[in-house]
Amino acid sequence: MLRPSPHASPARCPHVASCGGCSFQELDYRAQLAAKQRLLARVLEPLGASLAPVLACERPWNYRNKMDFTFARARWIESGEPAGAEVGFALGLHARGHFHKVLDLQACEIAFAEAAPILAGVRELARARELAPWDVRAREGLLRHLVLRKSWASGAILADLVTSAAAPELLEPFAAELRSRHPELTTLVQHVNPGVALVANGRLERVFHGSGEIEERLGGLAFAISAASFFQTNTPQAEHLLELVCAQAAPRPGETVFDLYCGCGVFALALARAAGPERVFGFELIEAAVEDARANAARNGLEGVRFVAGDLALTLLPEQLALRAIPGPDVCVVDPPRAGMHPRVLGALRLLEPRRIVYVSCNPRAAVQDVAALLAAGYRLELVQPVDLFPHTPHVECVFVLQHERWP
Ligand SMILES: C[S@@+](CC[C@H](N)C(=O)[O-])C[C@H]1O[C@@H](n2cnc3c(N)ncnc32)[C@H](O)[C@@H]1O
């Protein structure tokens, strides 16, 4: 550092120098928003669109409702630690720039508040019982990941232990003791991932306690969330995002609505209230997410909404829609993964030519390509509204509202 910025803000987190999580943390929150606005303006310049001010997060700390922690056999030594510090065992997040190295996390200021004490409890118990963490190189060890989720609506907390093997003789007593030490854990499950991929999921092995899911509410609707479900990680900001998407999609009576990349059906179900369930169709690749979406539809009395499982590069083709007797869309909500839309999905969307498209993106660099292609196909950009779902990180969600020139 040459001299401190006037916008510098003292870091709250002891791991700020080493953790890959919150690289904007030492910038005052207002200055973070200004920086995101400037970065977005630069990325979106080719669209020539005016950008609305980033919608700030009212509660920028302890906002994450889900955390994926990793176990490791040795911990990352942080700068400033004395020589000879003990290195064995880590449970936490990846060190900045080192995907295979894990910090033994003592605190996290963006995770929901109960996460750190549970993390400490799991660590202490695992060490006391000598349960071996997974060793990436040797490909041995039992404990791989700990996923924690909290419902904003009910306060219920789910813990998921991802292990390399079922090992009931070791994990059943571990889970029983964890539960008695942490009665705040509403449900406790185990997934098994014996493979090499460093992912916090696998096949569901057992539910130690509770129902295996928690219920969250968004837009007045109830959603059952299991350990593996995709769900927006910042619930209060997701409320604002949902309101914005519904207000901008604004289907007219009798119009058909598509929710592309629908996950567990949040946008589809919220829009079904305006359009009528029979007029709404959700499309999603992951079969389990589609099952969640159907269950969520039933949970909210919106069974008429139809969900199609499969790759959109195929399911959105006009002949595939005709086979399923699905009419062409008037309004489309599109919320693709970080890479943006596959060119074949974009091609099918251009052929279908919906009147209105609300494109939600967590990666504006990818979105800009897709939106530019839609502008070239006869759409005009009515609004670009960023929403800060991820304070203290460089990420920002962005909503692009497109209206086809041909339709009033
Ligand atoms: C950013 S998430 C959006 C989830 C949802 N809109 C929500 O807010 O809860 C992207 C979703 O796209 C799905 N997906 C990824 N590739 C896909 C594809 N080729 N076809 C259909 N869905 C896909 C993912 O499984 C994931 O659920």
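In the predicted model, the contact between helices α9 and α10 is formed by L346, L349 and R350 on the α9 side, which meet D370, A373 and L374 on the α10 side. Classified by residue type, this contact of α9 with α10 comprises four nonpolar and two charged residues, with no polar residue taking part.

The two elements span residues 343-352 in the case of α9 and residues 364-376 in the case of α10, and their axes lie 11 Å apart at a packing angle of about 30°. Because angles under 35 degrees count as roughly parallel, α9 is described as roughly parallel to α10. The crossing in which α9 passes α10 is right-handed.

With regard to the chain that contains this helix pair, the secondary structure consists of 10 helices and 17 strands. The radius of gyration of the chain is 23 Å, close to the value of 22 Å that the globule rule gives for 408 residues, and the chain is therefore as compact as a globular protein of that length. The C-alpha trace extends over about 70 × 55 × 35 Å along the principal axes of the chain.

Of the 408 residues in the chain, 54% are buried.

Key:
Residues numbered from 1 in each chain as written. Predicted model: local features only at pLDDT ≥ 70, side-chain atom pairs only at ≥ 80, totals over all residues. Heavy atoms only, no water. Axes fitted to C-alpha atoms, helices over the stretch in contact; angles between N-to-C directions. Helix = DSSP H or I, 4+ residues; strand = E, 2+ residues; numbered from the N terminus. Parallel < 35°, antiparallel > 145°, perpendicular 65-115°, else oblique. Left-handed = near helix turned anticlockwise from the far one by under 90°. Contact = heavy atoms within 4.5 Å. Nonpolar A, V, L, I, M, F, W, Y, C, P; charged D, E, K, R; others polar. Rg over C-alpha atoms; globule rule 2.2 N^0.38 Å. Buried < 20%, exposed > 50% of the residue type's maximum accessible area, 1.4 Å probe, protein only.
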